[in-house]
Amino acid sequence: MNKLILDSDGLIKLNKAGILDKLLSVFECLIPKEVYEETIIKGKEELYEDAFELEKILKNRSVDVIEFAFSEDANNIVKEITGLGKGETAVLHLFFRNKDAVILSDDRRFITLLERHRIPFITPGNVLLYLVEKGTIDPFEGLEKLERLKPYINNSVYEKIKLILLGGK
């Protein structure tokens, strides 16, 4: 896994946890234009502080924002579910143009769709574990980042990750 496609949910949660910059130093990250617009442009219009932070981080790391890349495979999947947002739809289309990538999301409904179609994904909590496992973040820093992530993830997921970071299984 060396290429990630980020949706808005994953992008925002990684930033809130303070690990987005580390993630961008380890992975090639792709962000669909629709996700960028939803997260940064609209976020700035609504004066969300994290939108300004995200824009700065993405500019400093020269992350490419990818224009919509239509895929018939993605289009067929999108038809199965109503209410899929523009960002998730764009992520799916981008994935089918980059099948060596993994989707980063924490949106339960979207993840259910990905699981059903055996599309590889990772959640922000698992990204944190991966960064600790690879030595990009030490376990103590991992625990601190997990505490920052706690309000945004499922409590049982939080507890499992904390146990692993503390040396349990």
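Biologist: Is Arg-108 buried or exposed?

Modeller: This is a predicted model, in which local features need pLDDT of at least 70 and side-chain atom pairs count only at pLDDT 80 or more, while totals for chains, interfaces and linings use all residues. Residues are numbered from 1 along each chain as its sequence is written, and side-chain values use heavy atoms, with hydrogens and water left out. Residues count as buried under 20% relative accessible area, exposed over 50% and partly exposed in between (1.4 Å probe, protein chains only). Arg-108 has a relative accessible area of 54%, so Arg-108 is exposed.

Biologist: How far apart in space are Arg-108 and Thr-123?

Modeller: Arg-108 lies in helix H7, residues 108–116, where helices (H or I, at least four residues) and strands (E, at least two) are DSSP runs numbered from the N terminus. Thr-123 is 15 residues away from Arg-108 in sequence, and their C-alpha to C-alpha distance is 9.9 Å.

Biologist: How are H8 and H9 oriented to each other?

Modeller: The axes of H8 (residues 124–133) and H9 (residues 139–149) come within 10 Å and cross at roughly 170 degrees; axes are lines fitted to C-alpha atoms over the stretch in contact, and angles run from 0 to 180 degrees between N-to-C directions. Angles under 35 degrees count as roughly parallel, over 145 as roughly antiparallel, 65 to 115 as roughly perpendicular and the rest as oblique. H8 and H9 are therefore roughly antiparallel.

Biologist: Where in the chain does Tyr-130, the partner of Phe-27, lie?

Modeller: Two aromatic pairs are found, where rings of Phe, Tyr and Trp (its six-membered ring) pair with centres within 6.5 Å, and planes under 30 degrees apart are stacked, over 60 edge-to-face and the rest tilted. Phe-27 and Tyr-130 form a tilted pair, 5.4 Å centre to centre with 40 degrees between the planes. The pair links distant parts of the chain, 103 residues apart, with Phe-27 in the loop between helix H2 (20–26) and strand S2 (28–32) and Tyr-130 in helix H8.

Biologist: Which kind of pair do the rings of Phe-95 and Phe-96 form?

Modeller: Phe-27 is buried, with a relative accessible area of 6%. Phe-95 is buried at 5%, and Phe-96 is buried at 16%. The ring centres of Phe-95 and Phe-96 are 5.2 Å apart with their planes at 80 degrees, so the pair is edge-to-face.
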